Amino acid sequence: ASLHIQNEHGIPVAVVASDEDGHGRFQIADADGKVVSEMRMLPGVGGGIIVNTSSGKKMGVLAASEAGGHLNLFNARNVPVFVASTESDAGGGALIISNQRGIPVITAKSDEEHRGMIEIMDADGAGVRKMRPLRGYSP
C-alpha cells in the first residue's frame, strides 16, 4: 500500500509506502519527481534518513543502530569523506575525515579512559601521529 502526493503538474513529490519487507518508508521528491530525501529502514542497521541531489547522488546518511547514531557525508563521487558515530567498544564518539579517495586521514575519538585522542595519517592512511592530553595536567 502507498500514498502519493502530487504537485499541480501531477508529479509525485511525496510518497508514504511500505517496502518489500513490510517496513515503512517516506520519500520527498523535487518538482520533477526525483527523490531527494528518504526515511526508511536500513537492513542490518535501523532507521535511516538518506539525502540525495536532484540527479540522484547520495550525499548524506543519518542512521540509528543498537550501538548508537551514525552520520555519513559523501563527496560528488559517492565516497564517504566525513563519518561521525559512536565507538562500539568504548561507547564514546568518533569523527573520521577521509580524503577524496575515502582513505581516513584524521580521526578524533574518545579512548577507553574517556580522554580525547586525535590521529593524523598521511594520504595513504599510514604514518599515524597520535595526540592525547597530558596526564595530570589541569589548567
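## A nonpolar surface patch

Four strands each supply at least two residues of the nonpolar patch: S1 (2-6), S3 (24-29), S5 (46-52) and S7. The model is predicted. The patch covers about 860 Å² of surface. Its members are Leu3, Ile5, Val16, Phe26, Ile28, Met39, Ile49, Val51, Leu62, Leu71 and Leu73.

Met39 is one of these residues. Strand S4, residues 35-42, holds Met39. The relative accessible area of Met39 is 44%. Met39 therefore counts as partly exposed, since that class lies between the buried limit of under 20% and the exposed limit of over 50%.

## Positive phi at Asn78

Most residues other than glycine have a negative phi. Asn78 is not a glycine, yet its phi is positive, at about 65°.

Where does Asn78 lie? Asn78 sits in the loop between strand S7 (68-74) and strand S8 (80-86). Strand S7 also supplies at least two residues of the nonpolar patch. Asn78 has 43% relative accessibility, so Asn78 is partly exposed.

## Positive phi at His114

His114 also has a positive phi without being a glycine. The value is about 70°. The loop that holds His114 runs between strand S10 (104-110) and strand S11 (116-120).

Is His114 buried or exposed? His114 is exposed, because its relative accessible area is 72% and the exposed class begins over 50%.

Terms used:
Residues numbered from 1 in each chain as written. Predicted model: local features only at pLDDT ≥ 70, side-chain atom pairs only at ≥ 80, totals over all residues. Heavy atoms only, no water. Buried < 20%, exposed > 50% of the residue type's maximum accessible area, 1.4 Å probe, protein only. Patch = residues over 30% accessible without salt bridge, like charges linked within 9 Å, V, L, I, M, F, W, Y side chains within 5 Å. Areas by Shrake-Rupley, 256 points an atom, 1.4 Å probe, with all protein chains shown as cover. Salt bridge = Lys/Arg side-chain N within 4 Å of Asp/Glu carboxyl O.
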